[in-house]
Amino acid sequence: MPPAPAPRTVVWNAFNGRYADNPRALHEGLLARGLDEGAGWQHVWMADPRHASAFPEGVRTVPVRSAACARALAGADVVVANCHVTLDPWPAGRPGGEPRFLQTWHGTPLKRIHRSAAWLPPEEVLAELDTDIARWDALVTPSPEATRLLREAFAYGGEVLETGYPRNDVLSAADAGVRREAVRARLGIPEGATAVLLAPTYRDDEANGSGDLPLGFDVPELLDALGDDVVLVLRLHYYVADRLTLSRDPRVVDASNHPDVAELYLAADALVTDYSSSMFDFAVTGRPVVLYAYDLEKYRDVLRGFTFDLRSEGPGPLLTQPHELAEALGDLPGVASAFEGQYAAFRERWCSLEDGRATDRVLDAFFGPAA
């Protein structure tokens, strides 16, 4: 990437208004380097009012998709986002031209996305997203395989920073154990309990609906089968985070609005997911992954399609029935043993760059090496 003038104003966006994910890790990384207001830098976050309370004190925010947001983008030297940023019309930009745009994205795609998906949104929506993609000056990817898939899905031929994901650095940090205990305490997970993180993705045909989302199993029945020393930590996709009436059982923790999913990975002893990119991130921990795909054929063959065979190449057992899920969670050591080889191959393919130093690699490449 050619050298560029040092930026002074950075506009940040994660999931259209949250303080989270790769942008959060990079923001904190810049602040740790002293690139704050005292050094002449301005950092502005696009914030969804529903999540404004999760932003740390002192972080400057503007409401997402507001006039103030458009003004911030127009005055930015750099935009960092983990999602599409679509405003119509797009701000004209400062006198020197449009800002440099760092797109971190937010996951490795098992499910086919954008123009690779089995089910495509209307062409005018795709055209709007393509306009956003054309602004990207660099795309962060977590692995060579992810680079290939994201280039294909986005028809993106620009600069790629193949670095690992900054959001995952905490999983390999020296203080990961200390953070784990602190997060478990905040979530109310009893000492010695097995914390199972349930993190399903959304379904395209259900994202705009109403009523409770189906999970494919009954929560009280699963907990009864597992016993009192198991806690279910629920993390719904942010598109549908308010679409489930939870059991009042103290063994159920609602973490759908927890600001940092990496903290939930640290806290969990196992992950249950379906087609979510959480499987790639959680695998950094080395802890068991169970794939529960009650609607496998519909999702694979109709809604999205997969980028690889989940049964033979995934990090854990692929299950479709509630009793299978209960059996697997009741014997996590057995799951780990049975899938040791497949899990290791999965980690080598998708997680080889996740060594805890991705943030520094991205910052060095895009903003310049630390002084």
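Author: What follows looks closely at one helix and then moves on to other parts of the chain.

A word first on how to read the model: it is predicted, so local features are described where pLDDT is at least 70 and side-chain atom pairs count at pLDDT 80 or more, while totals for chains, interfaces and linings use all residues. Residues are numbered from 1 along each chain as its sequence is written, and side-chain values use heavy atoms, with hydrogens and water left out.

The protein chain has 14 helices and 13 strands; these are DSSP runs numbered from the N terminus, with helices being H or I runs of at least four residues and strands being E runs of at least two. Of its 371 residues, 54% count as buried, where buried means under 20% relative accessible area, exposed over 50%, and partly exposed in between, using a 1.4 Å probe and protein chains only.

Now to our helix, H1, which covers residues 21–32. From the first C-alpha to the last, its 12 residues reach 17 Å, close to the 16 Å expected at 1.5 Å a residue; the expected span is 1.5 Å times one less than the number of residues. Nine of the 12 residues are buried, so H1 is largely enclosed by the rest of the structure. Those nine are Asp21, Asn22, Pro23, Arg24, Ala25, Leu26, His27, Gly29 and Leu30. What do the buried residues of H1 pack against? Their partners are strand E1 (9–13), strand E2 (42–47), strand E4 (78–81), strand E5 (100–103) and helix H14 (358–367). Just after H1, look for Gly34, which takes a positive phi of about 85°.

H1, helix H5 (176–187) and H14 are the elements that give two or more residues to the lining, and H1 gives the most, with six.

Phe367 and Val80, together with Val11, Leu102 and Phe154, touch the most other members of the largest nonpolar core, which has 47 residues. Such a core is a set of buried Ala, Val, Leu, Ile, Met, Phe, Trp, Tyr and Cys residues joined through side-chain atoms within 4.5 Å. Apart from that one lies another core, of 44 residues, among them Val170, Val183, Val233 and Trp350.

Phe154 takes us to helix H4 (residues 144–154), where Ala146, Thr147, Leu149, Leu150, Ala153 and Phe154 are buried. Their cover includes helix H3 (123–133), strand E6 (138–141), strand E7 (159–162) and helix H13 (340–350).

Elsewhere, six strands form an open sheet in the order E10-E9-E8-E11-E12-E13, with parallel pairing; two strands pair if DSSP finds at least two bridges between them. Strand E10 (252–254) and strand E13 (318–319) are the edges, each pairing on one side only. Strand E8 (residues 194–198) is joined to strand E9 (residues 230–234) by five bridges, and Val196 has Leu232 as its bridge partner in E9. Strand E12 (residues 289–292) is covered on both faces, with Val289 and Leu291 buried on one side and Val290 and Tyr292 on the other. Leu291 stands opposite Leu318 in E13.

Last, compare two loop residues. Ser53, between E2 and strand E3 (60–63), is exposed, with a relative accessible area of 74%. His258, between E10 and helix H7 (261–267), is buried, at 14%.

Methods: Contact = heavy atoms within 4.5 Å.
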